[in-house]
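Subject: Handover of a structure and the findings from it

Dear colleague,

Please find below the structure that I am handing over to you.

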Amino acid sequence: MRMLGLATLMILLVSCGELSNPNPDACQVVRMVSTQAGFRLANTSSANVTVKAGGCIEFVNDDANNFHNAQSRPSAPSNLAFNTAILARGESQKVVFNVAGEVEYICGVGNHATTMNGRITVQP
Ligand SMILES: [Cu+2]
């Protein structure tokens, strides 16, 4: 249990520091479009994203009407768990994914999770 906690803490620390990303150009942009339209991978209508291990996703709030965040569902494996700050329009946050696997994510604001949700696949 203690090791799990430590692993989660390390993921969170890595997630916060974009300097730790070895290849920031590889960041995929996911826009928070609106509470209704949810998350959209750049130039698509999908909220599902695939990244390589060590890659990152930049979550960008593009919604004039609402604050949003991006966070893993509570059921997520601890080594893929993440939780961005609550972002206002125009704000963004990068999250680095270092461990291969799958993680479902949502917006944790209000009841947005019913429409704002997607899946992240991290390839080895
Ligand atoms: Cu939201």
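The notes below cover the metal site, the sheet, the disulfide and the nonpolar core.

The model is predicted, with local features requiring pLDDT of at least 70, side-chain atom pairs counting only at pLDDT 80 or more, and totals for chains, interfaces and linings using all residues. Residues are numbered from 1 along each chain as its sequence is written, and side-chain values use heavy atoms, leaving out hydrogens and water.

The metal site

The copper ion has as its protein donors His68 (ND1), Cys107 (SG) and His112 (ND1), at 2.0 to 2.1 Å. Donors are N, O and S atoms within 2.8 Å of the metal (3.2 Å for Na, K and Ca); water is not among the atoms, so sites may look incomplete. Along the sequence, the spacing of the donor residues is H-x38-C-x4-H. Histidine 68 belongs to the loop between β4 (55-61) and β5 (71-72), and histidine 112 to the loop between β7 (101-106) and β8 (117-123), so this pair ties together parts 44 residues apart in sequence. Helices (H or I, at least four residues) and strands (E, at least two) are DSSP runs, numbered from the N terminus.

Histidine 68 and histidine 112 are both buried, the latter with a relative accessible area of 8%. Cysteine 107 is buried as well, at 1%. Buried means under 20% relative accessible area, exposed over 50%, and partly exposed in between (1.4 Å probe, protein chains only). Leaving aside residues up to four places away in sequence, histidine 112 touches Thr35, Asn66, Phe67, His68 and Cys107; contact means heavy atoms within 4.5 Å.

The sheet

Four strands form an open sheet in the order β2-β1-β4-β6, with mixed pairing. Because β2 (38-41) and β6 (92-97) stand at the edges with a single partner strand each, one side of each has no neighbour in the sheet. From one strand to the next, the twist averages 25°, where axes are lines fitted to C-alpha atoms (for helices over the stretch in contact) and angles run from 0 to 180 degrees between N-to-C directions.

Strands count as paired if DSSP finds at least two bridges between them. Strand β1 (residues 28-34) runs antiparallel to β2 and is joined to it by four bridges; methionine 32 has phenylalanine 39 in β2 as its bridge partner.

The disulfide

One disulfide is counted, a disulfide being a pair of cysteine sulfur atoms within 2.5 Å. Cysteine 27 is joined to cysteine 56, with an S to S distance of 1.7 Å. The link is left-handed, at -120° about the S-S bond. Cysteine 27 sits in the loop between α1 (2-16) and β1, and cysteine 56 in strand β4, so distant parts of the chain, 29 residues apart, are linked. Both cysteine 27 and cysteine 56 are buried.

The nonpolar core

A nonpolar core is a set of buried Ala, Val, Leu, Ile, Met, Phe, Trp, Tyr and Cys residues joined through side-chain atoms within 4.5 Å. The largest has 23 residues, of which Phe39, Phe59, Phe97, Tyr105 and Ile120 touch the most other members. At least two residues of this core come from each of β1, β2, β3 (49-52), β4, β6, β7 and β8.

With kind regards
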